[in-house]
Amino acid sequence: MLRQAMLALSKSRRAERLVTTSPLTADVVRRYVADDIAAVVGALTRDGLLVSADHLGEEVHDPAQAEAAVATYVSLLALLPPGSDVSVKLTALGLRQSQRLATANAAAICAAAADKDVTVTLDAEEHDTVPGLHAVHAALRRDHPDVGVVVQAYLPDSLDRCEKLGGARVRLCKGAYTAPGAYTRPADIDRSFVRCLKVLMAGTGYPMVATHDPRLLRIASALAVLDGRDMTGFEYQMLYGVRPEEQARLAGLGARVRVYVPFGSDWYAYLMRRLAERPRNLAFFLRSLLSR
Ligand code: FDA
């Protein structure tokens with residue numbers, strides 16, 4: 001219930017105005033959103049972590065805004081060390097205006113990223129954009145075979161998706177939005193996650209295991225061993241500000257651990273999704289507002 005309410009709030013312009021104009025939210029935002037992307041990337045890479053940088057922003061309304069998003073990503077590339085990744089939301093590149101526009105914009109980012117030895121991963125968003133996401137991903141793979149895509153395990157067709165994505169870089173996550181027909185019980189989402197993970201680990205692609213869930217992390221490492229993948233054959237991915245001690249522990253064991261680092265002023269919807277994931281975070285958020 002609380003999760004649904006928070007996700008509904010994430011789309012409310014009124015709530016957005018209220019939260020983003022309050023000077024009291026700064027501490028909570030800083031916990032999840034990099035205020036200085038270059039400094040955060042530098043610190044994480046010094047600690048042996050990889051990064052995927054995400055310029056916050058979704059749902060542009062005209063091609064000029066999408067063009068500006070491309071320009072931001074291209075200039076971001078100068079700050080990233082080789083081996084980094086950028087995470088891109090296709091609605092920020094014009095997917096709702098046209099699939100062709102989003103494909104052209106994403107291709108421009110992929111080409112610039114390849115020059116810097118940086119990969120691109122396409123985030124998964126609201127359920128109505130998922131068919132477009134996979135169509136764009138398939139089109140991009142022709143010229144950019146290492147472009148990655150996200151699969152959300154809460155969607156009942158996620159297993160089918162994973163089976164069709166042979167050879168691709170696939171980031172598997174539980175899913176942060178709502179969707180008609182999606183699994184909602186945690187046990188069902190976890191079961192779906194494990195079914196997908198088995199296919200990805202046994203397949204020919206590069207699995208990116210995006211979760212903070214201790215049980216799923218243990219299952220992923222066991223499956224990697226069973227499928228004969230060494231430490232370079234897959235990676236763990238976690239969000240900036242979430243379980244940093246676990247990120248460091250896994251990296252210390254020699255695993256590839258990538259931290260998803262969002263930055264930019266358009267943080268409202270992202271923050272609301274993080275608060276929706278964990279009621280304890282909401283309490284932290286409210287406490288930090290009340291303690292001023
Ligand atoms: P779950 O939410 O069950 O949490 C497991 C444990 O992790 C918790 O018990 C707690 O210890 C810790 N934890 C989780 N969230 C926390 C938080 N916010 N603060 C503090 N602790 C927390 N989704 C999507 O729909 N499209 C996408 O493209 C992406 N991309 C993406 C990239 C990466 C790198 C990650 C890690 C996640 C995503 N997601 C996503 C989000 C994903 O779908 C999911 O909502 C979150 O990762 C939370 O789910 P967990 O698997 O961590 O499990």
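The model is predicted: local features need pLDDT of at least 70, side-chain atom pairs count only at pLDDT 80 or more, and totals for chains, interfaces and linings use all residues. Residues are numbered from 1 along each chain as its sequence is written.

Stop 1: Select residues 43-282. UniProt lists them, in an unreviewed entry, as "domain: Proline dehydrogenase"; such annotations may be inferred rather than shown by experiment. This stretch is 45% helix and 17% strand. Helices (H or I, at least four residues) and strands (E, at least two) are DSSP runs, numbered from the N terminus.

**Stop 2: the ligand.** Show its shell, meaning residues whose C-beta atom, placed from the backbone, lies within 6 Å. There are 24 of them, and the closest are Asp123, Cys173, Thr211, His212 and Gln237. Now color β7 (235-239). β7 gives the largest share of the shell, 3 residues.

**Stop 3: the core.** Select Leu93, Ala106, Leu172 and Val261. In the largest nonpolar core, of 83 residues, these touch the most other members. Such a core joins buried Ala, Val, Leu, Ile, Met, Phe, Trp, Tyr and Cys residues through C-beta atoms within 7 Å. Buried means 20 or more other C-beta atoms within 10 Å, exposed 12 or fewer, partly exposed in between. Next, pick helix α9 (residues 186-202), which gives the most to this core, 7 residues.

**Stop 4: Asp117.** Go to the loop between α6 (99-115) and β3 (119-122), where Asp117 lies. Asp117 has a positive phi of about 60° although it is not a glycine. Asp117 is exposed, with 12 other C-beta atoms within 10 Å.
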